[in-house]
Amino acid sequence: MPSRFRLPGLIAATHTPTDNLGGLNLEAVAVQARHLVKHGVAGVFIAGTTGESHSFTVAERQALTEQWTAVAKDLPLKVVVHVGSNCLGDAQALARHAEQCGAAAISA
């Protein structure tokens, strides 16, 4: 019998941190992550779950995934990556990248 995939606990849909010019603020990810863990959050749902995914390029979304998965390796925090896109090829590339980075799951 196959095992069930589970993400127990609260999974927070985080906003993508930006700077004053609208670019990614990747330094903020570690601050967000520590804050969420401190308050008992078990995982994060990143890269567009609050609607901003269409505002970022594939490269920016991949950079965000890389940052979150790197930060989460040292914390009790699972990372779920939003890979949805109007372009199937982009969604597939984002999904492959999230898997390579060690994301716990993807969503579209």
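**View A. Polar contact between the side chain of H82 and the backbone of G84.** A polar atom of the H82 side chain lies 3.5 Å from the backbone nitrogen of G84, where a polar contact is a pair of N or O atoms within 3.5 Å, one able to donate a hydrogen and the other to accept it, with residues adjacent in sequence counted only if both atoms are side-chain atoms. The model is predicted, so that local features need pLDDT of at least 70 and side-chain atom pairs count only at pLDDT 80 or more, while totals for chains, interfaces and linings use all residues. Residues are numbered from 1 along each chain as its sequence is written, and side-chain values use heavy atoms, leaving out hydrogens and water.

View B. H82 belongs to strand β3, residues 78-82 (strands are DSSP runs of E with at least two residues, helices runs of H or I with at least four, numbered from the N terminus). With a relative accessible area of 15%, H82 is buried (under 20%, using a 1.4 Å probe and protein chains only). Leaving aside residues up to four places away in sequence, H82 touches F45, I46, A47, G48, T49, S53, R61 and S107, a contact meaning heavy atoms within 4.5 Å. The C-alpha atoms of H82 and S53 are 8.1 Å apart, although 29 residues separate the two in sequence.

**View C. Pairing of β2 with β3.** Strands β2 and β3 run parallel and are joined by 4 bridges, pairing being assigned if DSSP finds at least two bridges between two strands. Within β3, V80 stands opposite F45.

Methods
Buried < 20%, exposed > 50% of the residue type's maximum accessible area, 1.4 Å probe, protein only.
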